[in-house]
Amino acid sequence: MNCLGRFADKVVAVTGGGSGIGEAICHRIASEGGRIALLDLNIEAAERVAAVIRGNGGKADAYRADVTDAAGLATLFDRVVSHTGGLDAAVNSAGIGGPFVPSLEYPLDWWQRTLDINLSGVFYSIRAELPHMIKAGKGNIVNISSVCGIIGQAGTAAYVATKHALIGLTKTLALEYGRQGIRVNAVGPTYIRTPLTLAEIPQEQWAMLDERHATGRCATPEDVAALTAFLASDDSGSVTGSFHLVDGGLTAG
Ligand code: NAD
């Protein structure tokens, strides 16, 4: 454990930190000395990740959070900050996938649920995170969008719409709060084997997905965590309002 790293003495909140990409981001930032506030609907998962971080000599606390609950999030971030003493960075990774169905058959309840979690959930999270950062005169937000933020994907209208919207939201927030010391960026991962995708994409399709990448493979949660840690750190001081792919060249052709 490198406790003298880029995040020494920094507090970083990660929504969706209990699984997949968010989990890898928690481990990466904790390994660089950050104190992690893990927020997840699945409190058992968040507590499991926090316990592993603490077992490795890092600092992490788990909190149950529902990103669709704007008022609850505001109260929760107050609690996180009073417990940890501040909020230097936040990574908004909580999200869902949903069914693969053409738009005319797409279930409206899934449409609404996807918008609530993947889009409104990030907006509500930012509104709970920002006041603490503005008060401190500095802060750093990273939103986990997707490669689907810049391309379409047949059968996933709601998911694609939310991931495109997150890029616009990111740019707008960066413009609004840059002069107050806040940076906001978005990351666009390609297909990654996590519980979200493994539940929806059959095992036999993964080799074909690997082949679609210039690198010959899908990315890993750790690939995304490395870029996210850079964006969430002071190393990326002039980077704001921008979208950064981790797509193995999927969209290069
Ligand atoms: P995952 O299912 O492994 O993790 C998502 C986490 O979000 C879970 O721990 C879940 O409990 C939590 N969550 C869901 N709803 C929530 C809510 N209402 N409030 C709080 N927490 C909630 O998924 P993942 O693959 O790690 O995805 C993380 C993010 O990365 C998502 O935004 C996803 O869209 C994005 N992404 C994933 C991939 C991929 O291929 N896996 C690719 C591009 C982008």
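I first looked up where helix α3 (residues 70-84) touches helix α4 (residues 108-136), and found that A70, L73, A74, F77, D78 and V81 in α3 meet G121, Y124, S125, A128, E129 and H132 in α4, contact being heavy atoms within 4.5 Å. By class, I note seven nonpolar, three polar and two charged residues in this contact, with Ala, Val, Leu, Ile, Met, Phe, Trp, Tyr, Cys and Pro counted as nonpolar, Asp, Glu, Lys and Arg as charged, and the others, Gly among them, as polar. The two axes come within 9 Å and cross at roughly 35°, as lines fitted to C-alpha atoms over the stretch in contact, with angles from 0 to 180 degrees between N-to-C directions.

I keep in mind that this is a predicted model, in which local features need pLDDT of at least 70 and side-chain atom pairs count only at pLDDT 80 or more, while totals for chains, interfaces and linings use all residues. Residues are numbered from 1 along each chain as its sequence is written, and side-chain values use heavy atoms, without hydrogens and water.

I then turned to strand β6 (residues 182-189), where eight of the eight residues are buried, so the strand is largely enclosed by the rest of the structure; buried means under 20% relative accessible area with a 1.4 Å probe, protein chains only. I182, V184, A186 and G188 point one way, and R183, N185, V187 and P189 the other.

I also checked the neighbours of β6: strand β5 (residues 139-144) pairs with β6 in the parallel sense over six bridges, and strand β7 (residues 243-246) does so over four, where pairing requires at least two DSSP bridges. A186 is the bridge partner of N143 and stands opposite F243 in β7.

Key
Buried means under 20% relative accessible area, exposed over 50%, partly exposed in between (1.4 Å probe, protein chains only). Helices (H or I, at least four residues) and strands (E, at least two) are DSSP runs, numbered from the N terminus.
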